[in-house]
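Here's a quick briefing on a sheet, a helix and some charged pairs. Take a look at the model first, then read on.

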Amino acid sequence: MGQISAVMAEHYVHIANTDSELNDALNSVWVAGPGAAQPGLALTSGKPMTRAEAEALAIDLSRKSTPAEGGFCTFQAVVDGQACPWNMDCHNCDKFVMSGADLVYWHRKREQWHAMAEGASDSATADYLHDIFEPTARAIDGLEKALEAVGLLDEALALDLRRPQEYFGRVWATAFRAQELAQHQTDGTAA
């Protein structure tokens, strides 16, 4: 099947046998991302948000979303296939939400930031790095609380970080826009 090693083949078999209901449940637990006014605010807890919370987030969860690294983009123009006006700076965008399926990804990000801060040349630089990561840390904490509230924290932490799509690159990162692909289809040109 083209895998480099038996270990990689075993990894794919493990992924293929992953509980699809668990994946769906984890993907449906959303919290506001690091770029939101209130990072980590649970968006799918079942409890209604106050008007102030909804206005601060400005995210309409009834709309479609598109996968992004570590979560989902909810900005409608991007979801409909248009270019991101913020150059895909998802983690700093208030339209980005984090999902329970990506908790291990965010734990790895936190480990990277801590390692960078520990390796800083002086304490001022370390403090600066911690300050920059603080909204992301709040979002991660909120994601953990949301998962714990629905009884899925242990399952989310037990997932393997690597998934098959990460070996091949994400379709939405290849710079093909839906409108361009549709135009090729209409013109009869080979895509």
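Is Arg138 buried, partly exposed or exposed? Arg138 is partly exposed, at a relative accessible area of 38%, where buried means under 20%, exposed over 50% and partly exposed anything in between (1.4 Å probe, protein chains only).

Some ground rules: this is a predicted model, so local features need pLDDT of at least 70 and side-chain atom pairs count only at pLDDT 80 or more, while totals for chains, interfaces and linings use all residues. Residues are numbered from 1 along each chain as its sequence is written, and side-chain values use heavy atoms, leaving out hydrogens and water.

**The sheet**
- Four strands make an open sheet in the order 1-4-3-2, with antiparallel pairing; strands (E, at least two residues) and helices (H or I, at least four) are DSSP runs numbered from the N terminus, and two strands pair if DSSP finds at least two bridges between them.
- Strand 1 (30-32) and strand 2 (66-68) are the edge strands, each pairing on one side only.
- From one strand to the next, the twist averages 40°.
- Strand 1 pairs with strand 4 (residues 96-99) in the antiparallel sense, over three bridges.
- Ala32 sits opposite Val97 in strand 4.

**The helix across it**
- Helix 6 (residues 123-149) lies across strand 1 and strand 4 and runs at about 150° to strand 1; axes are lines fitted to C-alpha atoms, for helices over the stretch in contact (heavy atoms within 4.5 Å), and angles run from 0 to 180 degrees between N-to-C directions.

**Salt bridges**
- Side chains of opposite charge can pair when their charged atoms come close.
- The count here is four salt bridges, each a side-chain nitrogen of Lys or Arg within 4 Å of a carboxyl oxygen of Asp or Glu.
- Within helix 6, Glu134 and Arg138 are four residues apart, so about one helical turn separates them, and their side chains meet in a salt bridge at 3.0 Å, N to O.
- Glu134 is partly exposed too, at 35% relative accessibility.
- Glu144 and Arg110 also form a salt bridge (3.5 Å, N to O). Glu144 is in helix 6 and Arg110 in helix 5 (residues 103-118), so this pair ties together parts 34 residues apart in sequence.
- Glu144 is buried, with a relative accessible area of 18%.
- A network of salt bridges links Arg110, Asp141 and Glu144.
- Asp94 and Lys95 form a salt bridge, with their closest N and O atoms 3.4 Å apart. Asp94 is partly exposed at 26%, whereas Lys95 counts as buried at 14%.
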